[in-house]
Amino acid sequence: MSLNFILLCKNYMIKNNPKQIFIKWAVSDFIKSKMDSNKNIYYLSSDWWFINDIDHSIDTWIAEQNLIGIAAWIALKWNKVIISSISSFMIQNAYMFIRNLISYNNLDVIMIWVWSWISYNAHWFTHHSLEDIWLIKLLPNFKILMPADWFECIKAIEFAIENKWPFYIRFSGFLQDEIFDCNCYKPTFTKPEIIISWNTVAILSYWPILWELIKTVKKLQNNWIYPTLIHIQSLFVYDLNIFKNELSWYKYIFVVEEHILDYWIYHEISNHLGWNAKIFSIWYPKKFIDYSWDINFIREKNGMDCNNIYKKILKSIWKKL
Amino acid sequence: MKNQEKINLEIKSIKLDILKMCYFSWYGHIWSSFSIVDLIFLIYSSLNHSDFDLILSKWHAAPALYWVLKSFWYIQESQLHSFCRNWSNLFLHTSKNVNWVFLSTWSLWMGISVWIGYTIINNQQNLNKKTFIIVWDWELNEWSNWESLMFIGSKNIQNIVIIVDFNKIQASDYCDNIIKTKPLIQAITDLWFHTIVVKWHEPSEFSKALDQIISNSYPTLIVYDSTKWYGVSFMENNPEWHHKKINESEFYSAMQELYDKE
């Protein structure tokens, strides 16, 4: 069996994962319920929709610039506008519109961009989205949220509806299994969430590489290293001083980021806390990824799969000892 | 409508004011304003102000809008004296800090999409307001406009009126020498727009067009067949005046020519 055939089968299985449908339903039901209770919420979509054909919803299809222009004025009239689109197209096609209309005018627009990760299909690098955080980070007023599972995604939308900023919610068309128990988890989005709590070593990361790190933590535990895994949903809403209290007593801090161009969490934390000596960064190299669309293959090739991350963490700890 | 002589006099006075303002602020782009100043004035003087809204997509012509608004007491003359100065709210592209502007500036080709949002909200609230947006002919080269135009035509967005300032000159040359814009007008018409062509300096023609617009609500395109820098012979239809700053002798001869013109 050829490698391509295996990859195609795998892709087919992912595409037909019932969880994908469930997440779409969950998010669309949530947005609908919010729109029912609040008539000032509008929903606009371009190419990737959660809901359509109800009052206050507009679908512009593959016209991202038009979408942002329409959203700008609707938001200006004291409405809350939720936009969903595909990350790579939205950021690449409509960046100037987002900057001039949404960001600089500080409008109440929630941009839910799906497939905000390496790649969502076999369409190659045109569909990669590895620069999105950096590009949105450049814009004033924007708050970036990076929910890790469907429940946190719903909570992120709720948080964005309650707060008056332009938001960018980095999301997936399909998410992996639940990380958080929806019966007891109450995310605040104003402080980092600790997923696995131990001591000495802290690993900071965010979706989607978080799943590799959960596997990495298990491997480390087999080697008698018990790290604390911290999920960063957003640095743009936090008071960074929280990190002073939360992180000060860890001996080693690892920041693992699946984002190209800049190791942004590392940059923010090390600059703010001045702990360069004990913060280690593991991140994607500044390279043009044009050789694959398969996420696992790209991670492995760039040393970002759980085995390589595990080795890098062990090596850094040994070096320090 | 006010009588024609009075209108001509007011337009002439506004043109002289624009020329003075641009000369003393040392800022170019004067002719962008000159090609549409009479159009804006006619809309403001013909329609009840609660029945329409007007915005520019071609913000380069903002001085024309500022001075028309001033003549209808929406803006004070003292405010206009700060045009393009540090700490001013009045630049070539506007700021939302000006009381009648809600959204800070867009680059040329962003206007139509924003105006769709505005019209949708108006229509949902049954305000039955006409919403005019003035775009430049060569601005239509930008594809974002076509996203918006196709959306208006397909969804049949009511009450929106797009006025194309068809002056046939781009930033540095004639449209015909760069990208021909005339076929674009037919293309918009084919997108289910009702198209009306209005010859410049024919106020009666424009009044007829306005009557048609008021009595119907379908998406309308007005092609405003204009001439750049009309009224100042050495600048008329000369592309270099798109951004050229006017010197002292040119300023005085332009003033004289405008002043002498009937």
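Two strands count as paired if DSSP finds at least two bridges between them; helices (H or I, at least four residues) and strands (E, at least two) are DSSP runs, numbered from the N terminus. This is a predicted model, in which local features need pLDDT of at least 70, side-chain atom pairs count only at pLDDT 80 or more, and totals for chains, interfaces and linings use all residues. Residues are numbered from 1 along each chain as its sequence is written, chains are lettered from A in the order in which they are written, and side-chain values use heavy atoms without hydrogens and water.

In chain A, five strands make an open, mixed sheet in the order S7-S9-S8-S10-S11. S7 and S11 of chain A are at the edges with a single partner strand each, so one side of each has no neighbour in the sheet. From one strand to the next the twist averages 25° (angles run from 0 to 180 degrees between N-to-C directions, with axes fitted to C-alpha atoms, for helices over the stretch in contact). S7(A) pairs with S9(A) in the antiparallel sense over three bridges; A:Glu193 has A:His231 in S9(A) as its bridge partner.

| Element of chain A | Residues |
|---|---|
| S7 | 193-196 |
| S9 | 228-231 |
| S11 | 279-283 |

In chain B, the axes of H1 (residues 4-24) and H4 (residues 62-71) come within 10 Å and cross at roughly 125°. Contacts (heavy atoms within 4.5 Å) involve residues including B:Ile14 in H1(B) and B:Trp67 in H4(B).
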